[in-house]
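The structure comes next, followed by the points grouped by topic.

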Amino acid sequence: MTEVAMVLFSGGQDSATCLAWALDRFESVETIGFDYGQRHAVELEVRKTALAALRRDFPSWAPRLGEDHLIDLSVLGEISETALTRRGEIAMQANGLPNTFVPGRNLMFLTFAAALAYRRGARQIITGVCETDYSGYPDCRDDAIKAMQLALNIGMDSRFVIHTPLMWIDKAATWALAEELGGKALVDLIRRNTHTCYQGVRDKQHDWGHGCGTCPACELRRDGYLSFASAPKQIQS
Ligand code: ZN
């Protein structure tokens, strides 16, 4: 039986690494992304170029990479006033969460991914959430994902498996995982063709990729890359 996988692919470093992880394991891999009124449509543009680059640069993965689905979730932007969906300063709130937190976002993403996976015959669902180097979003935590798997399986009478390859690794290890999966070519593809910056900056290129270099997302990505790049490499025997 062909295992079909559905990868939540935003166009960022984490989900691109997860997509490579899935392509390395499953025979048929589809991608799903969400338009929820992000401040910067650049993420949605980057998704397309990253998928095209993967198809072009990784011939062994290309036949496995199936349809891409972009879901309109603009309703999420309508009901949430956050720094990710409205213009405003990125700041810490009284409850200890940054105002980039979009309440329920990952829960909705997983629900829609599972609804589509059900239709597409995909049992494996892959998401790049992580509770190691992260912004403290509660719906990125392992318990939230496990609870979602249970709810989705009960509610859809299914046996979905939600994979979170990055849950317990930091950003440096995420870069190392990309190198392990696709060598320098994949690291370069992720540096060039993914987007993480909250400010939507694409015209500044650094070693670690494009971005403003100062927002929380850029800081995590930069620090992880510098730590990865300066770590002694294992000598292959
Ligand atoms: Zn930034």
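In sorting residues, Ala, Val, Leu, Ile, Met, Phe, Trp, Tyr, Cys and Pro count as nonpolar, Asp, Glu, Lys and Arg as charged, and the others, Gly among them, as polar. The model is predicted: local features need pLDDT of at least 70 and side-chain atom pairs pLDDT 80 or more, while totals for chains, interfaces and linings use all residues. Residues are numbered from 1 along each chain as its sequence is written, and side-chain values use heavy atoms, without hydrogens and water.

**Cavities**
- A cavity is a set of points on a 1 Å grid over the protein atoms alone where a 1.4 Å probe fits but cannot get out, and its lining residues have an atom within 4 Å of a point.
- Lining the largest cavity are 35 residues, with S10, D14, R105, N106 and Y137 nearest its centre.
- That lining divides into 17 nonpolar, 12 polar and 6 charged residues.

**Zinc site**
- The zinc ion has as protein donors (N, O and S atoms within 2.8 Å of the metal, or 3.2 Å for Na, K and Ca) the SG atoms of C197, C212, C215 and C218, at 2.3 to 2.4 Å.
- Along the chain, the donors are spaced as C-x14-C-x2-C-x2-C.

Definitions and conventions:
On a 1 Å grid over the protein atoms alone, a cavity is a set of points where a 1.4 Å probe fits but cannot get out, and a pocket is an open set with protein on both sides within 12 Å along at least five of seven lines; lining residues have an atom within 4 Å of a point.
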